[in-house]
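I opened the model to look up a few spots. My notes follow.

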Amino acid sequence: MKSLTIKKWLATNVLLVVLAVLVAFAASLVGEKSLPFFTRWSAWSPEDKDIFWASRLPRVLLAAVTGMALGSSGTAFQGLLQNALADPYILGVSSGAALGSILGYALGLPFAGIPFFAFAASLAAMLLVYRTAMRGGQIAPHTLLLTGVILNAFLFAFILILNGLASFEQAQKIIFLLIGNLETETYGRIGLVAGIVAAGLIVLTAEGHALNLLTSGPETARSLGIDPNRHRKRVFFAASLMVGAVVPLAGLVGFIGLFVPHIARWVTGPDHRLSIPAAAWIGATLLIVCDTLARTLLVSSAFQTELPVGAVTALVGAPFFLLLMKKRGRS
Amino acid sequence: MNPSCLSVQNLRFRYVRDDVLNDLAFDVRSGEILALLGPNASGKTTLLKNMAGLLHPSSGRVLMNGIDLTDRPHRERARAIAFVPQSEDTFLDFSAEQTVLMGRAPYVGTWGFESAEDRAKTREAMERTDTWILRERGLSELSGGERQRVILARALAQEAKLLLLDEPTSHLDVRYQKEILDLCASLNAERGLTVVMTLHDLNLAALYAHRLLLLKEGKVVRLGFPAETLTEETISEVFSVPMKVVKDEKSGLPSSFPIR
């Protein structure tokens with residue numbers, strides 16, 4: 001793998017953004033009612049325009065923002081924890097965000113406050129897992145993943161208790177949050193979440209160089225002139241903020257944060273300065289595709305129903321996880 | 001006498017409740033090769049890491065140009081002191097060139113992109129260590145000796161005047177041991193780099209180092225030229241086994257062996 005130049009950085013990013021935009025556009029034309037592909041915009045019927053603006057585009061945008069957050073934060077977590085199986089969902093960071101946002105909703109907070117509530121809970125979950133797995137300056141890889149599994153079970157219990165106390169309508173919302181479901185949201189909410197995700201992505205990309213140094217261990221990073229703790233804190237903070245922002249709207253979408261980093265590194269090489277933004281664009285593209293499948297797979301059949309997007313990502317992601325475990329075990 | 005490059009003053013390092021290093025005081029001279037010797041758990045590596053600024057003394061100080069290492073910003077310290085760890089696992093398979101470019105970390109800006117100058121320095125460091133031909137290979141594809149040379153190239157790319165190496169010859173066969181130590185010796189001779197390394201092999205230490213520091217249980221037993229430090233009495237005591245020392249007729253260098 002050749003070393004990274006600014007030219008390669010720009011070219012790769014532009015290419016992946018263009019791909020994401022094309023897929024987003026195509027996906028917003030597909031659905032229960034197909035929108036005209038080869039017709040000029042001015043020739044669209046008002047009804048079609050309404051479906052595009054009010055229903056398709058916001059959902060595609062939410063999928064994009066969620067995919068960006070999960071893909072890039074997953075890449076950062078894997079690099080920082082030196083674990084190819086780490087992702088916000090498995091580590092319990094997403095569940096923390098889910099519990100935080102359910103609490104926020106239950107307390108009747110205005111929406112603008114919810115991502116920050118979710119962020120605080122996801123950061124707490126992350127630090128708990130990290131501290132537990134850290135032994136004498138080293139992260140025990142199996143302890144890390146097992147702690148995530150246990151924490152997930154624990155947080156789920158809390159969420160189910162809240163679910164039991166909630167009204168029928170609220171309970172419905174909680175279940176959707178747990179499965180991972182993208183719904184049509186207002187542009188205002190999506191805009192707020194997108195702003196937080198963009199800020200997080202900028203921080204993570206700026207931390208890319210430090211993450212490269214940290215993959216050789218904290219001691220080497222220190223000898224090369226950076227303070228490992230300061231950079232770890234920044235990465236945890238930014239990644240948890242991104243997860244906290246998307247979970248209140250999208251719920252627990254699993255596996256995207258796990259396999260997107262692998263695809264990104266396969267495309268870009270191991271350098272985090274490029275693999276982190278690349279994972280954002282690839283995550284956006286893939287989650288749009290998964291959500292389009294979720295919206296359309298069963299609609300045309302006799303069932304007339306939509307799948308939650310979390311089911312589609314799990315169907316794709318779980319086999320991928322197993323393959324990865326098998327490969328790791330061999331090498 | 002050469003001026004001091006690094007000054008260790010009343011250094012004490014405590015791990016949990018045990019003293020690993022106990023009241024050490026010595027100077028590293030500019031332009032010398034100093035080998036730290038001693039049995040396992042004598043504190044060699046801990047001392048080296050304190051000298052690298054990677055561990056902070058529990059009390060006492062390590063001074064460079066009169067400034068305490070712990071008071072120096074990390075970046076500034078990394079431009080003055082380079083550290084080559086004994087082994088390095090990386091979770092991602094960076095190429096040799098990407099690895100050596102990381103040696104420019106103390107010089108790059110916020111976004112971490114290397115300048116043309118950084119690339120030129122990287123290439124020079126890799127050519128000096130004969131690793132330029134390996135530049136596109138992943139670290140995991142390299143042999144132990146090749147990998148050690150790549151990490152040494154990364155340290156050279158830091159352009160530090162002081163090079164610290166932790167067991168640079170471990171896991172290497174005798175040919176690669178000689179290769180890496182010859183490289184250190186020529187860098188020392190040509191560029192005036194000060195080299196401090198921990199070693200297990202007393203004979204290699206006598207062959208390459210100007211001075212030896214013998215450690216036992218976190219204390220300095222002896223510091224001096226090979227011929228005066230590697231005496232039967234001293235090393236038998238330091239390693240707690242009876243040792244025999246033979247002097248080479250030509251060079252006068254001591255070789256030591258355990259006695260059965």
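I count two residues as in contact if their C-beta atoms, placed from the backbone, lie within 7 Å. By that rule Leu172(B) touches Gly144(B), Gly145(B), Gln148(B), Gln177(B) and Ile180(B), leaving out residues up to four places away in sequence.

This is a predicted model, in which local features need pLDDT of at least 70 and side-chain atom pairs count only at pLDDT 80 or more, while totals for chains, interfaces and linings use all residues. Residues are numbered from 1 along each chain as its sequence is written, and chains are lettered from A and ligands numbered from 1 in the order in which they are written.

I stayed with Leu172(B). Its place is the loop between β7 (162–166) and α6 (174–191) of chain B. Helices (H or I, at least four residues) and strands (E, at least two) are DSSP runs, numbered from the N terminus. From Leu172(B) to Gly145(B) I read 6.4 Å, C-alpha to C-alpha, across 27 residues of sequence.

The cut-offs are 20 or more for buried, 12 or fewer for exposed, and partly exposed in between, with C-beta atoms placed from the backbone.

Next I checked phi. Most residues other than glycine have a negative phi. Ala41(B), not a glycine, has a positive phi of about 65°. I found Ala41(B) in the loop between β3 (33–37) and α1 (44–51) of chain B. Ala41(B) is exposed, with 12 other C-beta atoms within 10 Å.

Ser240(B) also has a positive phi, near 55°. Ser240(B) sits in the loop between α9 (232–239) and β11 (243–247) of chain B.
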